[in-house]
Amino acid sequence: MIGLVTGGQVAFWLLAPVMILAAIGMVLVRKAVHSALLLATMMICLAVQYAAQDAPFLFAVQIIVYTGAILMLFLFVLMLVGVDASDSLVETIRGQRLLAGIAFLGFGVLLISAVGNAIYGHPTGLGDAQPDGNVKGLAQLLFGKYVFAFEVTSALLITAAMGAMMLAHRERLTKKKTQRDHAEERIRKYAEQGIHPGPLPTPGVLARHNAVDTPALLPDGSIAPTSVSRVLQARGTVFPEAEERADIEEVRKLDAGELYPPEAESTDTTGFAEGGEKR
């Protein structure tokens with residue numbers, strides 16, 4: 001007799017292949033943005049697995065903390081570094097590959113032990129282990145039995161954040177520039193290097209599209225390459241210049257009246273003149 005299939009089993013067999021493929025792709029893809037998106041896919045699938053196993057607290061933490069906060073931090077770092085920055089192959093920390101290998105072996109042993117305990121062990125079950133609910137049981141452990149370790153971990157995280165701020169802080173070695181200094185510097189660059197002192201043109205100005213990937217047009221109709229972000233240029237997602245120039249020529253012809261038919265001499269729309277004579 002075939003046993004009843006539970007929702008947790010259905011979620012596992014549906015999402016486990018997706019998680020494995022996303023994890024492999026996260027390591028193998030070349031673009032960091034694609035790797036972050038695959039990591040988000042794996043985290044969301046893991047959150048669904050927690051929900052299917054009646055673990056609402058872990059489900060909320062996985063979505064809010066990991067997928068919503070840490071992954072966004074990864075994306076912010078990628079945007080700050082830039083997609084066109086080359087990766088350094090120089091090992092800055094000695095022995096990091098050996099330590100990474102040892103950590104990988106330790107994680108493998110831990111994973112095998114957990115899977116073996118789940119298969120060949122005698123699990124108590126969530127209902128017997130936490131009769132009052134999973135959230136209440138976690139709260140009793142965090143704020144009861146392990147409250148000292150919980151508070152020490154919180155203090156350690158706050159200390160780490162303050163230390164990162166102190167290490168990233170730099171003392172100002174020169175006098176802060178005023179608005180007059182910035183204006184004089186812009187005029188000096190314009191005189192020496194020909195850099196325009198005004199702001200960069202906004203994408204889509206004077207063009208037929210106002211998207212961020214559409215180059216702006218100068219008053220003479222030429223394309224301003226500085227109006228599009230260098231990140232979009234590195235990705236190759238800028239609006240095609242040929243299509244933009246075709247739109248420019250069409251607008252010029254419309255302004256010159258070349259695409260309009262000549263106006264009729266009379267406004268009579270019946271096809272007959274005043275004397276009843278047909279034109």
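**A helix pair and a pocket**

In this predicted model, helix α1 (residues 7–28) and helix α2 (residues 32–52) have axes that come within 9 Å and cross at roughly 160°. Angles over 145 degrees count as roughly antiparallel, so that is how α1 and α2 lie relative to each other. As for handedness, the crossing of α1 and α2 is left-handed.

On the α1 side, the contact is made by Gly7, Gly8, Ala11, Phe12, Leu15, Ala16, Val18, Met19, Ala22, Ala23, Gly25 and Met26. Helix α2 brings in Ser35, Leu38, Leu39, Thr41, Met42, Cys45, Leu46, Val48, Gln49 and Ala52. Sorted by class, the contact of α1 with α2 has 16 nonpolar and 6 polar residues, with no charged ones.

Then there is the largest pocket, which holds about 500 Å³ of space. Its lining is made up of Phe104, Phe107, Gly108, Leu110, Leu111, Ala114, Val115 and Ala118.

Terms used:
Residues numbered from 1 in each chain as written. Predicted model: local features only at pLDDT ≥ 70, side-chain atom pairs only at ≥ 80, totals over all residues. Heavy atoms only, no water. 1 Å grid on protein atoms, 1.4 Å probe; cavity = no way out; pocket = protein on both sides within 12 Å on 5 of 7 lines; lining within 4 Å. Points joined across faces, edges and corners; volume = space filled by probe spheres on them. Axes fitted to C-alpha atoms, helices over the stretch in contact; angles between N-to-C directions. Helix = DSSP H or I, 4+ residues; strand = E, 2+ residues; numbered from the N terminus. Parallel < 35°, antiparallel > 145°, perpendicular 65-115°, else oblique. Left-handed = near helix turned anticlockwise from the far one by under 90°. Contact = heavy atoms within 4.5 Å. Nonpolar A, V, L, I, M, F, W, Y, C, P; charged D, E, K, R; others polar.
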